[in-house]
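Hi there,

Here is the structure I promised to pass along.

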Amino acid sequence: MSRPIITEADLHAYLDGVLPAARLAEVEAYLAERPEEAVRLAAYREQIAALRREFDPVLDEPAPQQLRVPRLYWVRPLARYAAVVAWLMLGGVTGWQLHAYTEDQRAEATSWPRRAAIAHVVYSPEVRHPVEVGADQEAHLVTWLSKRLGASLKVPHLGELGYALVGGRLLPGDRGPVAQFMYQDGKGQRLTLYVRVNADDSRETAFRFAQENRVGVFYWLDRKLGYALSGEVERGELLRVATAVYRQLNP
Amino acid sequence: MSDLDNLVEQHIPRLRRYARALTGDRAAADDLVQDTLERALSRFHLWRRGSDLRAWLFTIMHNIFVNQARSRMRYPHEPLDEPAAAGLQYREPDWSELRDIGAALSRLPAEQRTVVLLVGLEQFTYEEAARVLEVPIGTVMSRLSRGRERMRALLGGDFRAAALKVVK
């Protein structure tokens, strides 16, 4: 009489409750004939029970405060103040010259989202001239800005999230032309997407977050271009839009 | 706060349980969870909505754990990659140390400990554990088998003896 082959994997599957029901009887018959194997599995079962006894109480421990609300990078008020001062100094000719070259580069890596926030603050309240080229000339807008930045730009469409494209404009950046696209929801809440050309071809896909007064900025690098989405909206809402922008640009 | 925070937040207790068992240390475990949450949020746009968020979070935690293992390790004698000749280096355990399951766990190589915990404690299927650890399912099975057997040896072989040692 041929017996079904019971493998080590079958025994673990039996123990973990994932063995197909049709094979349960086979394994049970196998164990009935091999008490030492049955004892071994019982020891494994006890191990699992001991793990649960030891570590299940962690589930009910109150989480430490910092774990309750996952946080991104929040700029603390004092640091924020210092950062604004630092930015103003860097902007001034004197401050610029006083800094060592490497420090300039490091500061540059963190200052461009700040420029995006400032551009947001300057242009988003505009009633009559929020943009240079309106959404009705979207094709022209994209061609023009792509040509000026020297990179092929795409404009995300955020209608599904409730934000319509208002249009865009060209701005001076720290290293050349920069594009700003503006969006608006039904209540007049505006978001701006700031797009600049990176110094290097980098791909740091992680989002970073910065806050300038009431303006939140999510920014990230994607190969040749750097993106910063700014708005005076709740952080979760801004992240939702930033995620949609990222996905449209990386289908 | 946002949907996103709520979505992630409900997984925190299980991430903490796994991290505690994995590191054997409360502070190291909570640091690991914190790092996991921060990385997850900064990469949330890379998560495909509708796919298994718990598995994704555990995968992130596993990667951080592996990357930090050498510097943060609470169990300094464990090799990260089990050497082929591991059997040659077997040392008689100090039985007086083995007061409980946590001590036995700490003596498993990390690669076996992760599988034993994902399957036994966190109830991942073998396929899910293979995805989290980014190894073939056959590797999961062999690590599970070796890990459970090593635990059995560490706990004295007899489940009744093991149970007695668990009671403090």
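Leaving aside residues up to four places away in sequence, which residues does A:His157 touch? They are A:Leu165 and A:Gln248. Please keep in mind that this is a predicted model.

A bit more on that histidine: A:His157 sits in the loop that links α9 (138-149) and β2 of chain A. A:His157 and A:Gln248 are 91 residues apart in sequence, yet their C-alpha atoms are 8.0 Å apart in space. A:His157 counts as partly exposed because it has 15 C-beta neighbours inside 10 Å.

Next, the strands of chain A. Strand β2 (residues 164-172) pairs with β3(A) in the antiparallel sense, over 8 bridges. Within this pairing, A:Ala164 stands opposite A:Gln184 in β3(A). The hairpin of β2(A) and β3(A) has 4 residues between the strands, and A:Gly176 takes a positive phi near 150° there. Strand β3 (residues 177-184) of chain A is largely enclosed by the rest of the structure, because 6 of its 8 residues are buried.

Helix α7 (residues 126-133) and helix α8 (residues 137-154) of chain B pack at an angle of about 105°, and their axes are 9 Å apart. That angle makes α7(B) roughly perpendicular to α8(B). On the α7(B) side, the contact is made by B:Tyr126, B:Glu127, B:Ala129, B:Ala130 and B:Leu133; on the α8(B) side, by B:Ile137, B:Val140 and B:Met141. By type, the residues of this contact divide into 7 nonpolar, 1 charged and no polar.

Key:
Residues numbered from 1 in each chain as written. Chains lettered and ligands numbered in written order. Predicted model: local features only at pLDDT ≥ 70, side-chain atom pairs only at ≥ 80, totals over all residues. Axes fitted to C-alpha atoms, helices over the stretch in contact; angles between N-to-C directions. Helix = DSSP H or I, 4+ residues; strand = E, 2+ residues; numbered from the N terminus. Parallel < 35°, antiparallel > 145°, perpendicular 65-115°, else oblique. Contact = placed C-beta atoms within 7 Å. Nonpolar A, V, L, I, M, F, W, Y, C, P; charged D, E, K, R; others polar. Buried ≥ 20, exposed ≤ 12 C-beta atoms within 10 Å, placed from the backbone. Pairing = 2+ DSSP bridges.
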